[in-house]
Amino acid sequence: MHRYLLVLTLCVLGYHQAIPTSACFETERKALLAFKAGVIDAGNRLSSWAGRDCCSWNGVACDDNTGHAVKLNLRNNYMDQDYMNSSLYELRGEIDPSLIVLHHLVHLDLSGNYFAGSTVPEFIRSFNNLTHLDLSFCEFSGRIPQQLGDLFNLRFLDLSWSGLFVGAPPPWLGNLSHLRALGLEDAFPFNGPNVCDLSWLSRLSSLRYLAMSWVNLSGAADWLQHVNKLKYITELSLEGCSLSNIPYSLSHVNFTSLRILKLGGNGPFDVPVPAWLSNLTDLSYLGLESCGFHGKIPDSLGNLTSLNNLFLGDNHFDGTMPKSLRNLCNLRGVDLSSLRIGGDIALVVETFRCTWKSLEILDLSNNELRGNLSSWLEQLENVSMVNLSNNSLAGTIPFGIRNLSNLGWLELSLNSLQGVVSKAHFANLSNLEAILLSSNSLVIDIDENWVPPFQLTFLMLGSCELGSRFPAWLRWQTQLRDVDLSNTSISGTVPEWFWNSSALMVVDLSYNQLVGELPISLQFTNLEYLVLRSNRIEGPMPLSLPNRLSILDLSENSLSGPLPLSLDMCDLEDLMVLDLSMNNLSGEIPASIGLLSFLTSLHLNDNRFHGEIPTSLQHCTNLILLDLSRNRFSGEIPAWVGESLQNLVFVQLRSNTFSGDIPDMLARLPYLHVLDLAHNNLSGPVPRSFRNFSAMIRPLADNYIRNGYKISLNTDILFDFRDNLLLIMKGNEFQYSTILYLVKTIDLSGNNLSGQIPEEIAALHLLQSLNLSANHLTGRIPEKIGDMHYLESLDLSLNELSGAIPQSLSDLTFLSHLNLSYNNLSGRIPTGSQLGRLNDPSIYTGNYYLCGPPTDHNCSKDDANPYPKRDDYNKTETIWLYLGMVLGFIAGFWSVKGLQDQINLQFLVHFQAKLLKLLELFIGEENEKVISWRLAKNSISKNSAGKHAIIKPSQQAHDSRPKGRRSSPSKPALSTPATACLHGQVGTAAVGTE
């Protein structure tokens with residue numbers, strides 16, 4: 001209450017024209033001091049606000065005649081000087097209403113300060129004389145107060161870069177008829193209501209500057225009609241507005257005064273570049289990047305001779321360069337990236353030869369250019385940014401670049417450049433901020449004692465040769481923010497000084513030979529992305545991690561021990577990707593993992609974790625990928641996985657000891673692409689509810705790009721992290737990454753599932769791989785299996801299926817891997833174009849009553865079974881009787897306490913081999929393989945002592961896999977029974993010790 005009494009008092013005093021003290025009115029001085037008291041000034045920017053003369057205070061200007069404060073400029077200028085640290089100088093808090101007495105204000109600028117949670121003060125309406133109002137970068141929220149529409153004298157209004165205003169640009173803005181500049185860039189949440197009506201724009205007849213980039217204008221089909229009425233407009237910025245159309249022609253072009261046009265990131269328009277652009281002869285800046293234009297780059301652009309900046313990148317042009325571009329001799333910036341331009345790069349750059357002396361920006365990245373950099377690059381003497389990445393450039397980096405004194409950004413990644421890069425290349429480049437040379441065959445030979453003349457922000461040298469030691473010259477690079485030294489052959493420990501940099505945000509040191517433990521000081525860094533994949537890091541997980549982490553990848557190392565229960569997940573609230581796979585970690589997953597509410601990808605596979613899946617994980621509702629495979633998890637698969645984790649796309653739980661039925665609730669996952677539950681102890685039927693996997697039935701809009709299937713997180717286009725998953729497909733093991741989002745597979749093999757294969761599974765039309773092998777499934781193969789049109793791999797081997805093979809199987813035109821071996825199938829094998837190519841007899845091995853190609857069993861004319869009822873039926877049953885007795889004797893002998901440790905496992909293997917030889921005298925080869933498989937499936941399990949076991953082949957393959965770096969995708973270390981059968985091998989049980 002006392003604050004409002006003060007305001008009332010100040011207003012009364014102001015009304016009576018309080019006499020100024022020195023050159024400052026006392027009422028205005030007190031109002032300014034009240035404002036100062038209401039904000040936090042960590043940067044001490046208001047330190048001059050003391051004494052009697054407020055007109056001399058920093059940011060305050062008074063009228064020379066009246067002495068009233070007419071200008072209050074508190075803009076945070078550090079945004080322009082040092083943006084990364086500008087937040088340290090923000091004024092924070094609330095705007096004190098006592099400022100209402102400054103009703104003589106003409107100019108009010110509060111931009112770049114932090115008033116989050118506050119609304120725009122309504123008392124600003126009382127500033128009737130206001131001509132300049134800048135509230136950009138202030139993070140005000142709520143609605144833009146309608147009272148601003150009463151400030152009829154406004155010439156400049158900027159509310160940009162808040163992103164928090166409610167609703168859409170209000171139509172009453174059209175009342176500000178004297179406006180010359182309107183800034184609304186990113187002022188509203190983009191997922192808010194889209195703007196359908198821009199008719200109010202045509203009332204701003206004096207407008208020169210309009211910036212509405214990143215405002216959702218997807219509903220404004222007639223946007224150009226209203227913009228065309230702005231006769232005096234000189235700058236128009238509508239980037240990233242989701243504009244859906246752009247007319248190719250206009251009957252009359254009214255806005256010919258336009259000098260700057262920014263339309264990038266709209267569409268895709270899927271039309272040629274509009275013809276009316278040729279009328280804008282005063283254009284100095286043309287930004288049409290990422291708009292989906294097609295056809296040719298128009299010759300008419302060569303007539304826009306005033307152009308300083310031409311940005312056409314990332315469109316669908318035909319890759320040709322019009323000769324008319326030679327006329328653009330005033331160019332300073334050129335972006336022709338991602339346009340499929342081919343040929344010699346020297347000839348392409350020759351097109352702009354008249355601009356070589358003035359060119360500042362050259363971006364020809366992501367094209368099909370070849371040739372080298374010599375003879376032309378060093379002649380761009382004023383260039384500050386060069387991006388030639390992702391082409392086919394060869395040769396060396398010329399020494400002449402050391403003379404490009406303005407060069408700040410050098411990006412040559414993803415080419416075929418060779419040779420040595422030394423300090424001589426960079427000796428004179430004091431303005432250099434970014435060196436990006438990744439994925440070339442370059443040798444970086446820099447003396448460790450060298451002190452560079454520059455301060456880098458970005459350093460990307462991935463897959464270059466750096467030598468065996470960590471580059472010591474980086475010690476002097478105190479401003480480094482993003483660092484990629486992956487696959488550079490460095491070894492040893494990472495020096496402590498590297499982690500001490502407060503600027504570091506992105507670090508990728510993967511695929512090297514780094515050793516040692518994770519440093520304790522790691523927790524004090526500002527890292528957001530840390531990737532140490534495939535090194536030799538050892539020791540336990542640290543108790544604390546950087547609290548700003550978004551991606552943490554420590555996979556393929558030698559970390560050991562449990563995840564610390566004291567690991568404070570609360571501090572990792574921004575974590576989206578956690579990859580600890582392929583280490584030696586053990587213990588249970590701590591319940592605190594449920595605090596990672598933004599987690600989208602969790603890789604804990606290939607460790608020694610045990611216990612049940614913690615119920616707290618159901619709180620990680622943003623999970624897209626869950627990989628717990630090849631561990632020792634147990635218990636039932638929780639039903640809440642399908643109820644709570646609705647965004648899951650990839651679920652891999654293979655090679656654990658999960659038991660119980662497969663929960664029907666899994667079918668509630670609408671975006672599921674990969675379900676791998678193979679090699680567990682699951683029982684019961686294959687759920688009929690699987691027919692509800694929506695993403696396997698019909699394509700989803702935009703392939704469900706919600707953060708993306710492949711989680712791709714970029715920092716300034718420099719750091720690219722793509723998720724990866726190890727899958728068994730077509731009998732082989734593959735590492736999927738960049739195309740992971742295209743894979744659709746179900747693998748339930750190696751369990752104890754029973755019952756029939758549900759007919760409903762044929763509804764999964766988009767499924768590419770189905771593996772139900774090595775279970776106890778009975779009944780027939782679904783008749784409509786031919787409806788699974790995209791099926792490439794089908795494995796139903798090692799079950800108890802019977803009946804004929806459906807003729808519809810021949811309709812699977814993409815089928816390239818088929819295994820139906822070791823069932824009880826009968827009748828003629830279907831024929832068809834695709835089945836005719838799958839002519840390996842082992843596909844059908846173990847089905848005695850099948851006939852026809854590719855087997856050697858001929859069918860009778862009426863397609864009856866090729867053999868009469870077998871005479872040896874009773875003999876086979878007798879064999880099984882004796883075999884059961886022998887195995888029963890062994891199991892009983894094994895269970896006697898005190899004898900387990902004396903049994904020689906090699907003896908058991910030898911005994912099994914001799915037994916099979918003996919049985920071979922009585923039975924045929926087919927039954928020998930079946931017996932061998934049943935021996936494997938019913939192998940002797942670990943007893944309570946747990947010292948020895950006969951384990952499944954998949955478990956043996958996991959436990960014997962060396963830890964550390966994984967080579968490129970390869971076959972499993974030990975074939976699974978299904979794979980062995982496919983190659984005509986006997987699927988005997990593997991024997992191993994732990």
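Over residues 27-63 the chain is 30% helix and 16% strand, and the end C-alpha atoms of this stretch lie 15 Å apart. Helices (H or I, at least four residues) and strands (E, at least two) are DSSP runs, numbered from the N terminus. The model is predicted: local features need pLDDT of at least 70, side-chain atom pairs count only at pLDDT 80 or more, and totals for chains, interfaces and linings use all residues. Residues are numbered from 1 along each chain as its sequence is written, and side-chain values use heavy atoms, with hydrogens and water left out.

The UniProt record, an unreviewed entry, places the feature "domain: Leucine-rich repeat-containing N-terminal plant-type" at residues 27-63; such annotations may be inferred rather than shown by experiment.

Helix α2 covers residues 26-37. From its first C-alpha to its last, α2 reaches 16 Å, close to the 16 Å expected at 1.5 Å a residue, where the expected span is 1.5 Å times one less than the number of residues. Among the buried residues of α2 are Ala31, Leu32, Ala34 and Phe35; buried means under 20% relative accessible area (1.4 Å probe, protein chains only).

Strands pair if DSSP finds at least two bridges between them. Strand β50 (residues 752-756) pairs with β52 in the parallel sense over 3 bridges, and Ser754 stands opposite His776. Strand β54 (residues 800-803) also runs parallel to β52, joined by 2 bridges; here Gly779 stands opposite Leu801.

The chain as a whole has 13 helices and 59 strands, and 53% of its 994 residues count as buried.

Conventions: Buried < 20%, exposed > 50% of the residue type's maximum accessible area, 1.4 Å probe, protein only.
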